[in-house]
Amino acid sequence: MRPAIFAIVLLLHVPLARSQNTPISITLNEAVEIALLNNYALQASKLVEEDNRLLILGSVGVAFPTIEGTSSYTRNVKDANPFAGSAAGDFFSGFAFIDWLGFNESARTDGNNATHPITFAEFADRQRRGLAAAGITPTEPSDNPFSVANQYLNSVSITQTIVDVANWVRIVHPDGFRTALEQISKAAERQEQVIIGQVREAFYGALLAEEEVRVAAQSVTRIRASRDETAVRVSRGGLPKIQRLSMDVELTNQETALVRAENQADNAVDQLKYMLGLPMEQDIVINGTLTIDEISPYLSVVATDAFQRAMRGRPDIEEARLAYTFALNEVRATKLTRFPTLNAFANLSYTGRVPDTRTFTVTDPTNPFRFSQGSNSYFSEAYWQSAVNVGFSLQWTIFDGLQNRRAVQRAQVTARQAGLALDQATAAMRLEIESALRELTTAYHQITSQETNVANAELNYEYTLSRSNEGVANLLEVRSASEQLDTSKLNYLRAVHSFLIAQSNLEVALGVPITKQTDLRLASAGK
């Protein structure tokens, strides 16, 4: 960024400086550089460009593995008995009888220490007394013997696509996503060229409006001088009073035209500030004049050569071509979606089932009626377990109700639309070039003719004014000569304005690179 542009941008973004409303002098090239930073439409298009770029880059993510993690905690306040209504409950309650039977069998077969069996009631009573002696209070049986108060689940799932022909074509093929990214870049480049053309048109329009104010002010000055001269001659009796009244009316009309021209100039400057993204309260001084310092090299351009140049340089034509290429590749990719996809997966989990009461009763292996008590920590291995599984999955849609065929047909229609858009953009480009060349030639001929006309009008006004001072010409002839001079000057300035606009339109139509879009025909102070 040039120092002058940096100073302007800094001035616009410092609240104190903005509140002082220091006028900013802006040349055409500076206006273009400011617009490339601040223009509203350009900033919006850049955001759209970034959004589209991120969308495409996001689509490339199918080539990378998908990793998903899950973590959950469940507090089981009350669980239903899964064996309600079945005989399974009797099965679990019979475990105490199994212990009693085992004890009696062991007592009966214990060699020299063999004893008589005891009843189940006595066995249960001795166990209760043994638990009491150990200070252990039996817990109430749960409705659900499998229920655990605290459940934890932590898992990681990894999926990697190994074979997906359709998406690989979109990602790897040169006409796929890479083409789409290049297409976005071309669209942004063209938007900048169009904005530059609009900024130049607004700049030239503001210059023309200021020149029209200057011409109107000169006309007011001349008419006021003629009115004063007429008043003197009327007071001397040389002219009737009707001449002075006529001059007063003429002066009022011209002053009204001057006010209208000033209002139009203010509107043109505001339009330029809007194009540059400047605040409306910021005063600017347009640093330039509507003049042509040299013959435009574009006047000798042949339409055929211009068309070939534009075909190579227009970003939007390249964008349309890339869009057509991408659409053809999308037809190819859509056809390949009927093939199967192969994925590899891996699942890792770590689960915990932790009861609120983590103490447990230990039976003496030599005495079934002697007990002790143990305890586990919250993260004991008895409650936490890990699991790992890996594998492959193959997905193949054998019949989809002809959806794939319809998708291919729609992709083909989209490709034909892209081809038609390319043809239309090419035809529109040719029309823009030929129109700009005709307008450039017409404006140039108008300039050459109006230059002579302005010189003649100035000579005619000076001659008529001289004759009026000598009393030979009347005031009507002076006013007529003044109006002709004003009209000639305005026609010349408008011809120059048309020439510069046509030249700018031709550069936009040719797709001239932004770095070369500098108008040598604009005479700017300080350049």
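Visitor: How do the residues lining the second largest pocket divide into nonpolar, polar and charged?
Guide: The lining of the second largest pocket has six nonpolar, five polar and five charged residues. Ala, Val, Leu, Ile, Met, Phe, Trp, Tyr, Cys and Pro count as nonpolar, Asp, Glu, Lys and Arg as charged, and the others, Gly among them, as polar. This is a predicted model: local features need pLDDT of at least 70, side-chain atom pairs count only at pLDDT 80 or more, and totals for chains, interfaces and linings use all residues. Residues are numbered from 1 along each chain as its sequence is written, and side-chain values use heavy atoms, with hydrogens and water left out.

Visitor: What volume does the second largest pocket have?
Guide: About 280 Å³. The 16 lining residues include Glu-212, Ala-216, Gln-254, Ala-257 and Leu-490, which are the closest to the pocket's centre. A pocket here is an open set of points on a 1 Å grid over the protein atoms alone, with protein on both sides within 12 Å along at least five of seven lines, and lining residues have an atom within 4 Å of a point. Grid points are joined across faces, edges and corners, and a volume is the space filled by probe spheres set on the points.

Visitor: Which elements give two or more residues to that lining?
Guide: α9 (177-235), α10 and α14 (475-510). α14 gives the most, with six residues. Helices (H or I, at least four residues) and strands (E, at least two) are DSSP runs, numbered from the N terminus.

Visitor: And α10, what span should it have?
Guide: Helix α10 covers residues 241-276, and at 1.5 Å a residue its 36 residues should span 52 Å. The expected span is 1.5 Å times one less than the number of residues. The end C-alpha atoms of α10 are 53 Å apart, which agrees. Just after α10, Gly-277 takes a positive phi of about 75°.

Visitor: Which residue other than glycine has a positive phi?
Guide: Leu-402 is one, with phi near 65°. Most residues other than glycine have a negative phi. Leu-402 is in the loop between β8 and α13 (403-469). Leu-402 counts as partly exposed because its relative accessible area is 35%; buried means under 20%, exposed over 50%, and partly exposed in between, with a 1.4 Å probe and protein chains only.

Visitor: What lines the largest cavity?
Guide: Arg-222, Ile-223, Ser-226, Met-247, Tyr-461, Val-478, Arg-479 and Ser-482. α9 and α14 are the elements that give two or more residues to this lining. By class, the lining has four nonpolar, two polar and two charged residues.

Visitor: Sheets next. What is the strand order in the open sheet of four strands?
Guide: The order is β2-β3-β5-β8, with antiparallel pairing. β2 (66-75) and β8 (384-395) stand at the edges, each with a single partner strand, so one side of each has no neighbour in the sheet. Neighbouring strands are turned by 15° against each other on average, direction ignored; the axes are lines fitted to C-alpha atoms, for helices over the stretch in contact, and angles run from 0 to 180 degrees between N-to-C directions.

Visitor: How many bridges join β2 to β3?
Guide: Ten, between β2 and strand β3 (residues 150-163). Two strands pair if DSSP finds at least two bridges between them. Ser-72 stands opposite Leu-153 in β3, and Arg-75 has Asn-150 as its bridge partner. β3 also pairs with strand β5 (residues 341-354), over 13 bridges, where Ser-157 has Asn-347 as its partner.

Visitor: What about β6 and β7?
Guide: Strand β6 (residues 359-364) and strand β7 (residues 367-375) run antiparallel and are joined by six bridges. A hairpin joins β6 to β7 through two residues. Thr-361 stands opposite Gln-373 in β7.

Key: 1 Å grid on protein atoms, 1.4 Å probe; cavity = no way out; pocket = protein on both sides within 12 Å on 5 of 7 lines; lining within 4 Å.
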